[in-house]
Amino acid sequence: MIYLKDYRKETVLAPLFKMLEATLELFVPLVVAAIIDVGIAGGDSGYIIRMVLILVLLGAVGLAFSVTAQYFSAKAAVGFVKKLRHVLFSHIQMLSYAELDMQGTSTLITRLTSDMNQVQTGVNMTLRLLLRSPFVVIGAMVMAFTVDTKAALVFAVDIPALAVVVFGIMFASIPLYRKVQSRLDGVLGLTRENLTGVRVLRAFCKEDEQIREFRQKNQSLTDTQKFVGRISALLNPVTYVIVNAAVIALIWVGALRVDMGALTQGSVVALYNYMAQILTELVKFAGLIITITRSIACGNRIQAVLETEPTVRDEAPAGYVGMSDVGNAENFGEREMAGTGSAARMHFEYADHQTGTGRTNAEDGDFAVEFCHASLRYPEASDEALTDISFSVKQGETIGIIGGTGSGKSSLVNLIPRFYDCSRGAVLINGRDVREYGLEELRSRIGVVPQKAVLFSGTIRENLQWGKRDAGEEEMIRALSTAQISEIVGKKENGLDSRVEQGGRNFSGGQRQRLTIARALIRRPEILILDDSSSALDFATDAALRKAIASLTPRPTLFLVSQRTSSIRHADQIVVLDDGQVAGIGSHGELLENCAVYREIYQSQFYGTEGEVSAV
């Protein structure tokens, strides 16, 4: 509730005005009793008119108080959720790929939408009714005892029975509402998956299968909602039975008291009205508690996301000893004593896979990027995705990364911009551990083009400005030209201001890939990572793209992840991965001769079983 601190005035005034309204409401039965006992009994029409005007005045003032309370509660609730949504969205932006993978996109969307709406409703209702309903119940009972003590004893029996029913149903409903929200997540997740993959579904004729799966999840959600609805539906009939029984008892006792002359007819009506007020407020309060319970459950789900600590931070993790600190140690034994973190314990000497000789960082300090025994284990994974990766890259070199599906190619390059952090070992840029850089400083040096080409709704110009906000038109045209798409953009009626629909769906796959490459190039990065981002390009365009990037001045250090040996065969070095480990490092010719994994990949793409050149 820290985000309500800017709405202290509203959180005080909203319940205050509701209490004032409730106070006026408690006097209404007494005025009605006076009209019956004095005005009607005495035939005094003037008195009746005056009392009716008092009732109208009480109603008008009460309405003004109610509207004022609603204004302040709505203002506080909307402002609170606005801040909370902003904080949650900002926190999500800070989460690393590891946390985003664990949370899931559909879950995070539910937190930002449905859960936020439930929290807003809960805050609004709490400010208006949490104090009002108990106040009216207690106040009506007190007023009933002021009217007639013996007749009001009916209230003393009825109220506890009502409370047992109301709170019993409430506590039975709480865990079921949590289950409803969980199953709603499942329905939303399946819906999102189907909408984003609709083309694939239709290509494989899976519509009926997905409809059946959706029906099952939807039915499960519906059944849970019906069950909790049936329990909640018991509230009104059971409470009405108890209240009507109490009304019968009240009228019976009241009639006896009237016959005895101890109670007036107007007083009996007043007691009945107080009973009706108590019933109304208890039903309201039960609904309020269920709403609050639901909003608390949603709030806890939001809190769980906010309490998720990002594993990738701007500052070095606790216990971490950076390369600059460890590097001052004279030998490896001293480095182990320099700190307790895994980076402090690692051995920074690695094998040069091209020459077979051992080298240390101190012997060659002009590397742009170094992997030093880098390993990566994803959260809750039993095995490492990458194990003991060591190689170095000089400034301006092109490094090809190749391997089978699931071999760890994307995981490897994702360590460079710290989308994930090494679980063991380190990645260095210009001799400095990437964990010693601020995230903005680090990522401003790197251009990343992911496997899935992502464009945002807007214009081509606006998408390119994601790479460099103040980029001029000349820079944009140069980047588009390098990415081999300037001609296509030039043919569009509005050129750089041509519209890009959400996800870039009005562009082909190859065009989207080239636009995302242009977006990365426009910032003139020191390190450029192309993660299988030319898979939709034909061989000629792919070759022209690589040639254009190689001709850039200054030339970026290029990490080229690809499934095609044709795309990486001219790289300065090629790193071959197999099940998260380095199977070989070298040039195309060296790997064909010395690396069985690379040779198998190459032959599967270029040669048939009888040595014929394949069409692949």
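How many aromatic pairs does a search of the whole structure find?

## Overview

The search finds eight aromatic pairs. The structure is a predicted model. A pair of aromatic rings is described by two quantities, the distance of the centres and the angle of the planes.

## A pair between two helices

Phenylalanine 17 and phenylalanine 72 form a stacked aromatic pair, with 6.2 Å from centre to centre and 25° between the planes. This pair links distant parts of the chain, 55 residues apart. Phenylalanine 17 belongs to helix 1 (residues 8-42), whereas phenylalanine 72 belongs to helix 2 (residues 45-94).

Buried means under 20% relative accessible area. Phenylalanine 17 has 19% relative accessibility and therefore counts as buried. Phenylalanine 72 has 13% relative accessibility, so this residue also counts as buried. Ring pairs join Phe17 and Phe72 with Phe65 and Tyr71 in a cluster.

## A pair between two strands

Another stacked aromatic pair consists of phenylalanine 371 and phenylalanine 391, at 4.7 Å centre to centre and with 20° between the planes. Phenylalanine 371 is in strand 3 (residues 367-376) and phenylalanine 391 is in strand 4 (residues 386-394). The two residues are 20 residues apart, and the pair links distant parts of the chain.

Phenylalanine 371 is buried, its relative accessible area being 0%. For phenylalanine 391 the value is 2%, and this residue is buried as well.

Methods
Residues numbered from 1 in each chain as written. Predicted model: local features only at pLDDT ≥ 70, side-chain atom pairs only at ≥ 80, totals over all residues. Heavy atoms only, no water. Phe/Tyr/Trp six-rings, centres within 6.5 Å; stacked < 30°, edge-to-face > 60°. Helix = DSSP H or I, 4+ residues; strand = E, 2+ residues; numbered from the N terminus. Buried < 20%, exposed > 50% of the residue type's maximum accessible area, 1.4 Å probe, protein only.
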